[in-house]
Amino acid sequence: MNFAALKDLDRELARFRRRIRIGAVFVGLLALLLLARAYYLQIVRHDHYVERAESNRISLVPTAPNRGLIYDRHGRILAENYSAYTLEVTRERTHDLEATLAEVGKLIEITPGQLRRFRRLLAESHEFETVPLKSKLTDEEVAVLAANRYRLPGIEVKARLFRNYQAGPGMAHVVGYIGRINDRDLKNLRESGRDSNYKGSVHIGKTGLEQSYETLLHGRTGFDQMETDASGRAVRMLSRVSPVPGKDLRLHLDRELQAVAEHAFGDYLGGLVALDPDTGGVLALVSRPGFDPNLFIDGIDPETWKSLNESPDRPMVNRALRGIYPPGSTIKPLMALAGLELGLRKPADAFLDPGYYSLPNSRHRFRDWKPQGHGVVDLRRSISQSCDVYYYRLAVDMGIDRMHDYLAKFGLGEKTGIDLDNESSGLLPSREWKQRRWKKTWYPGETVIAGIGQGYHLTTPVQLAVMTAMLANGGRRIEPRLVAAVRDPVTHFWQPLAPALRGQIAIDPANLAVVREGMLDVTRPGGTASASAAGAPYTIAGKTGTAQVVGIKQGARYDASKLARQHRDHALFIAYAPADKPTIAIAVMVENGGSGSGTAAPIARAVFDYYLTGKRPGDMKPEATDGTD
Amino acid sequence: MARTDGWLMRRLRHLDPILLLLVLALLGISLAVVTSASGQSPARITGHLVNMGIALTLMVAVANVPPHLLSKIGPPLYATGVVLLVGVALFGEIRNGSRRWLDFGVMAFQPSELLKLALPLMLAWYFQRNEAVLRAKHFLVAGALLLVPFALILRQPDLGTALMIGASGFYLLFFAGLPWKVILGGGALAAASLPVVWHFLHDYQQRRVLTLLDPTADPLGDGYHIIQSTIAIGSGGLFGKGWMAGTQNQLDFIPERTTDFVFAVFGEEFGYVGAILLVALYLAVIARGLVIAGRAPTQFGRLMAATLSLNLFTYVFVNMGMVSGILPVVGVPLPLMSYGGTSLVTLLLGMGILMSVATHRQLNKT
């Protein structure tokens, strides 16, 4: 090694050491960068990441409360819960939905109806949502599915609470039904700020009491705070807020009375409302035909829905609340009372009924239902004979404005405030209404027919029931109530609900007594409904009515036998009993029933009989013993 | 050396005490973290201990081999490695979409792992041989020796390993005295060619880079690793959640948490204080390595010591950078921390070489 080479090596070594230092600086700078990053994550953004880590690991699992039960006045169950296994499918987790469905179909029976319903629900829900395929699995089905679960991804068997309406179609319009929460329900819940309480819930009340008492029946959702791992599996429970079950409801309604009323309708369609005139408690509320509410709970299959919805009998319409019909002669007692109260008539004022009435300077004849006329008629007879001419004349003397104002006091043309949703307010005509609605002036002839409850008049059975109850209770304006008491799920104490009163109308007792006598005459020999009251061990005060479905031409006669059934008149009957100390007031409407005395009054009689004496129609099955508690 | 010393004691004389202490400290931390990250899995802990035992034994063995002998195995090791890489290209087994493995029946083997030591050894041997007569052509030859395995590994494709091996080769050239104008020129050229390189990257590689820029774009896919590991580190805070108390770790939110993402577990459970300590330990290892390099009597020793030190840091930086979300996700373990036998053996062999260089200072002066 020569000197030059050594010197060269020294220079090399110096350069190497310089480069080592450069390397050290390079390393130091990058290490600082790493620590700066760690500082940013662990110190600057610490709170943010703590929060992210917490939300990673903690999940709130809602636990749905048990829905409140519904009982009739004697504690018979109307809506109950039961636990059962259900087969549910999460589309997102199935590899091939069709193959999975086919596979399931080989293991257990899936009916075409269940499959249709499943497909409809599937179409309405998101990929990740769980949709029921079959409910109420048998133990064998559960076992078969459990054994094959490993090859059926996305398929789950879950224990769930189900709702059952064992009272069947007869109670469908009262109790209603629950159904799966849909987008519209969700929107409503969100707008009313209740959506968080439905986190664990699948169902919500859709109609009837299930809808109107939803808040009480649902209860409060509980939450389990769970620690979960990355795969979403719960590792342990951190805390629990228990759900509060919904409140139970006890109705004024008597399930057996309802069944008797149902039975009395026979094949007829229509509506019936029976009230306790004292409290407004609804003793029976019938809308015929009914439907099976159980079909709706987990979604109805499209074809059944179509057949229900498109049936000419319109079983989904609650006729007691939403059926609007001309009240016909059933408003005559109220008209008579108005005449007395307004000083237009004295009880003894009598008029000759020649069978028709004509306005002054008019040749148009408003005919009486009895072509030859009723002869000389005073107020009581006008009610018991249902004399039209008497009321044509009274209406003209009263005028439409005073008529409107007086009838309105009895709740006509206005919602009764019953504790069910979607009640119709009917129509109580007035000059002002016609101007507003039709931009037309009121004609005197319209006043004439309004006097016998025809023309523009439209009422619902529940309105007529309230009107009847007010005649029975002396003018106390009650609001019909189905629910009598509410049970707290924690204390198990039944809290009675106070009757709802809208006030008291001042009526001269003497005037009311005359009208009530007239209504009693209706069921006495010679009255229009005497046949239906024959042999009753109590007294009935009532009024028959007939509402025209098709107009009868001048000079033509109504002949029921010549008309198709759907064109026959609607039959109406209002009544209360016992007449001296009424405990039940009723309004019956029989669609195309012909005459009030012929079809509607016998139904009321059957209801009275059962309610007042416990007598059941002879051809009716004895009371079912199940479901009583 | 006293004759009374036993055989084992004589072997241990060749260990550098500072380096040994630092390595043992890091391995101790690793054992703690892997224990926590594996959910105290006995299999994992035993495996880790066995790996450590084997790797430490090999380290002691290598430390006892004088550097001039070590330098001699450079060329055959390099040649073997390159031949195996060609073998991989021709007969290799495809795993996870790339051809990286050779299956020898009893064991599968990634030849690229071999090159991590073979390439520096080869280049150091080469520069040692031409120490006195270094010319530009020697750098060209060295560059070619670097590019051959680099290209073969890049083809597998394994961009991460190719870059790491490329870096080790570059460090060696740098310490051997590669002129600055070449370094800067090459850097500029590399920067200019980035768009072209981007074009040749595989889809998954492009995605990894894009994911780094915005991990939230694909939170359940590519971004998941980065999001979860940054949450783990960030939620650790100043002092951490405590050993075995990290929720991200214990509840399975951190993927690959005993191997590549072990730093996320560490950061979550030991916090910023822990991170500073860990980085300090690595810096101490590197500083010791650079000191050894500076004192090394031979060109081979100097180049090997300096290159291995910087190489170690590169692994640390790339891994921590990836786990804390400033570098793309590449499969690089954290040196001396991650579970895994191969990388531990490679690293401790490197430590053995460092120790050999440190303790054979006077003995092999030619």
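Author: Two strands pair if DSSP finds at least two bridges between them. The model under discussion is predicted.

Reader: Which residue of β3(A) does Ile70(A) stand opposite?

Author: Strand β2 (residues 70–71) of chain A is joined to strand β3 (residues 77–90) of chain A by 2 bridges, and the two run antiparallel. Within this pairing, the residue of β3(A) that stands opposite Ile70(A) is Ala79(A).

Reader: Which residue in the turn of the hairpin formed by β2(A) and β3(A) has a positive phi?

Author: The hairpin leaves 5 residues between β2(A) and β3(A). A positive phi of about 80° is found in this turn at Gly75(A).

Reader: What is the bridge partner of Tyr85(A) in β5(A)?

Author: β3(A) also runs antiparallel to strand β5 (residues 155–164) of chain A, with 10 bridges joining them. Tyr85(A) has as its bridge partner in β5(A) the residue Ala159(A).

Reader: Which element gives the most to the side of chain A that touches chain B?

Author: Contacts link 33 residues of chain A with 37 residues of chain B, where contact requires C-beta atoms within 7 Å. On the chain A side, the elements giving two or more residues are α1 (3–44) and α2 (46–57). By class, that side has 18 nonpolar, 6 polar and 9 charged residues. With 20 residues, the element that gives the most is α1(A).

Terms used. Residues are numbered from 1 along each chain as its sequence is written. Chains are lettered from A and ligands numbered from 1 in the order in which they are written. This is a predicted model: local features need pLDDT of at least 70, side-chain atom pairs count only at pLDDT 80 or more; totals for chains, interfaces and linings use all residues. Two residues are in contact if their C-beta atoms, placed from the backbone, lie within 7 Å. Helices (H or I, at least four residues) and strands (E, at least two) are DSSP runs, numbered from the N terminus. Ala, Val, Leu, Ile, Met, Phe, Trp, Tyr, Cys and Pro count as nonpolar, Asp, Glu, Lys and Arg as charged, and the others, Gly among them, as polar.
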